[in-house]
Amino acid sequence: KMKNNEKMEKAVLGEFPIKTDSIDILSDVIKENNLLIKIGYAGGCENHSFSLIGNKYISKSLPPIRRIMLKHEANNDQCKAYKTEELKINIEEFAYKKVSGSQIILKLDGWKDRIIYTFI
């Protein structure tokens with residue numbers, strides 16, 4: 001099983017809303033152009049995959065707001081062990097403009113706080 005830091009996920013823009021298996025978002029922090037998300041989910045018997053999808057459309061506010069969702073594919077895992085994991089995802093695709101200092105607010109489904117992302 002690969003460690004998360006060995007493969008860097010890249011966030012993508014896509015259609016909203018998306019279908020996803022249940023997931024708990026425990027914490028998040030932005031480091032440069034990466035979002036580190038700590039997640040929890042029930043499982044233990046199948047391989048789970050995660051991807052971060054951002055809405056193509058953003059609000060006209062300043063700074064603009066983009067809705068994002070973490071997609072969880074549990075592969076019909078019937079096991080009930082509670083697993084936690086930290087994902088590191090490159091979120092450059094979510095930038096308002098790919099210029100240093102460009103700011104956008106990310107609203108992550110299932111997470112109470114807004115995430116302020118400043119492109120570096």
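**Note on the predicted all-strand model**

1. The mean positions of the 20 positive and 16 negative charges of the protein lie 5 Å apart. Lys and Arg count as positive, Asp and Glu as negative, with His and the chain ends not counted; a charge is placed at NZ of Lys, CZ of Arg, CG of Asp or CD of Glu.

2. This is a predicted model, in which local features need pLDDT of at least 70 and side-chain atom pairs count only at pLDDT 80 or more, while totals for chains, interfaces and linings use all residues. Residues are numbered from 1 along each chain as its sequence is written, and side-chain values use heavy atoms, leaving out hydrogens and water.

3. The protein has 9 strands and 0 helices (DSSP runs numbered from the N terminus: E of at least two residues for strands, H or I of at least four for helices). The radius of gyration is 15 Å, close to the 14 Å of the globule rule for 120 residues, so the protein is as compact as a globular protein of that length. The radius is taken over C-alpha atoms, and the rule is 2.2 Å times the number of residues to the power 0.38.

4. An open sheet of 4 strands runs in the order β1-β7-β4-β3, with mixed pairing. Its edge strands, β1 (9-10) and β3 (24-31), each pair on one side only; pairing requires at least two DSSP bridges between two strands.

5. β3 pairs with β4 (residues 34-43) in the antiparallel sense over 7 bridges. S27 stands opposite K38 in β4.

6. Of the 120 residues, 37% count as buried, that is, under 20% relative accessible area (1.4 Å probe, protein chains only).

Conventions:
Buried means under 20% relative accessible area, exposed over 50%, partly exposed in between (1.4 Å probe, protein chains only).
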